[in-house]
Amino acid sequence: MKQGSPVGELIVTPDGSRTAQSLRFGEAYGSRHGAAAQARHVFVEGTGTDQHPAPRVLEVGFGLGVNFRATLAEVARRGTALEYLAYEFDPAPAGVLRAVGAGGEGANHPAWAALLAGWGQASPLVVEVPGVTLTVHFGDVLEAELPQSWATALYLDGFSPARNPEVWTPALAGRLAQALAPGGVLATYSAAGHVRRTLAGAGLRPERRPGPPGKRECLWAVREA
Ligand SMILES: C[S@@+](CC[C@H](N)C(=O)[O-])C[C@H]1O[C@@H](n2cnc3c(N)ncnc32)[C@H](O)[C@@H]1O
């Protein structure tokens, strides 16, 4: 299995969390203004995962696992179960995930330790620990068979539309909308007009909301029940 996307130096962000630069895409994996803050605000809170009694999360772009750790910390705090399904076609080395996560939120959860132990060994990677099931498919989400009407939350977290346009297309948005359960919420850090129109065209109801540190706005989009 391919593993070892070239990653630049780690970047310590203002909230103390870390991210890194993808040398392949020429962009940081997470926000330089606060990687953990973005994960929590845009994705965990933006999808209502912090309120949901039994979240089922689908993520496009597992990256360095920052969103996963933020979600783990949230479900651990509330004692709720979590199912997490992610796609990643260019996995970074396990050592980079370990270094980015060290001492960060969720990093002391048994699911994170199990993920690091199994990362890069097989696809899909399946981690099952009490209360948490994680499946990471190491492949292109464009070619994946997505679950239907399943996700309570969808984290759309590719690189920017300029650098990673294939995950922001109407065709993928339509498939992602179908993967959401009725009432489920897709969240993303981009509030660009074309992203809003693409999500609306997929049958979702996108709305802007205040952004995380360093960003005026981000988006959430509901699949109407
Ligand atoms: C902004 S980073 C994601 C950061 C991540 N969510 C985190 O919490 O660390 C974007 C990720 O999407 C992945 N990606 C981009 N296009 C993809 C595709 N077509 N299929 C699967 N993964 C993709 C990239 O390899 C990269 O790891």
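Strand 2 (18-22), strand 3 (27-28), helix 1 (35-45), strand 4 (56-60) and helix 2 (66-78) each contribute two residues or more to the lining of the largest pocket. The model described here is a predicted one. Among the elements that line the largest pocket, helix 1 gives the most, with three residues. The volume of the largest pocket is about 650 Å³. Its lining is made up of 43 residues, and those nearest the centre are Ala28, Tyr29, Asp157, Gly158 and Phe159. By class, the lining of the largest pocket holds 18 nonpolar, 16 polar and nine charged residues.

The second largest pocket contains about 150 Å³ of space. Of the 13 residues that line the second largest pocket, Gly16, Ser17, Ala36, Gly104 and Glu105 lie nearest its centre. Helix 1 and helix 2 each supply at least two residues of this lining. Both helices are also named among the elements that supply at least two residues each to the lining of the largest pocket. The lining of the second largest pocket divides into four nonpolar, four polar and five charged residues.

Rolling a probe the size of a water molecule over the atoms shows where empty space is left. One cavity of 30 Å³ or more is found in a search of the whole structure. The largest cavity holds about 60 Å³ of space. Its lining consists of Leu156, Val167, Trp168, Thr169, Leu172, Ala173, Leu176, Leu186, Val195, Thr198 and Leu199. Helix 5 (170-179) and helix 6 (193-201) each provide at least two residues of the lining of the largest cavity. Nine of the lining residues are nonpolar and two are polar, while none is charged.

The surroundings of the ligand were considered next. The ligand is surrounded by 21 residues, of which Gly61, Asn67, Glu88, Asp140 and Asp157 are the closest. Asp157 is also one of the residues nearest the centre of the largest pocket. A backbone N or O atom of Leu64 lies 2.9 Å from an oxygen atom of the ligand, and a polar backbone atom of Gly65 lies 3.2 Å from an oxygen atom of the ligand. A side chain takes part too: an N or O atom in the side chain of Asn164 is 3.2 Å from a nitrogen atom of the ligand. On its own the ligand has 610 Å² of accessible area, and the protein covers 98% of this.

An open sheet is formed by three strands in the order 1-2-3, with antiparallel pairing. Strand 1 (7-12) and strand 3 are the edge strands, as each pairs on one side only. Strand 1 and strand 2 run antiparallel and are joined by four bridges. Within this pairing, Leu10 has Ala20 of strand 2 as its bridge partner. In a regular strand the side chains alternate between the two faces of the sheet.

Some features of the backbone lie in loops. The peptide bond that joins Ser123 and Pro124 is cis, with omega about 0°. Pro124 belongs to the loop between helix 4 (110-118) and strand 6 (125-129). Ser149 has a positive phi of about 50°, although this residue is not a glycine.

Technical notes
Residues are numbered from 1 along each chain as its sequence is written. This is a predicted model: local features need pLDDT of at least 70, side-chain atom pairs count only at pLDDT 80 or more; totals for chains, interfaces and linings use all residues. Side-chain values use heavy atoms; hydrogens and water are left out. On a 1 Å grid over the protein atoms alone, a cavity is a set of points where a 1.4 Å probe fits but cannot get out, and a pocket is an open set with protein on both sides within 12 Å along at least five of seven lines; lining residues have an atom within 4 Å of a point. Grid points are joined across faces, edges and corners, and a volume is the space filled by probe spheres set on the points. Ala, Val, Leu, Ile, Met, Phe, Trp, Tyr, Cys and Pro count as nonpolar, Asp, Glu, Lys and Arg as charged, and the others, Gly among them, as polar. Two strands pair if DSSP finds at least two bridges between them. A residue is near a molecule or strand if one of its heavy atoms lies within 4 Å of it. A polar contact is a pair of N or O atoms within 3.5 Å; within protein, one must be able to donate a hydrogen and the other to accept it, and residues adjacent in sequence count only if both atoms are side-chain atoms. Accessible areas come from the Shrake-Rupley method with a 1.4 Å probe; for residues, only the protein chains shown count as cover.
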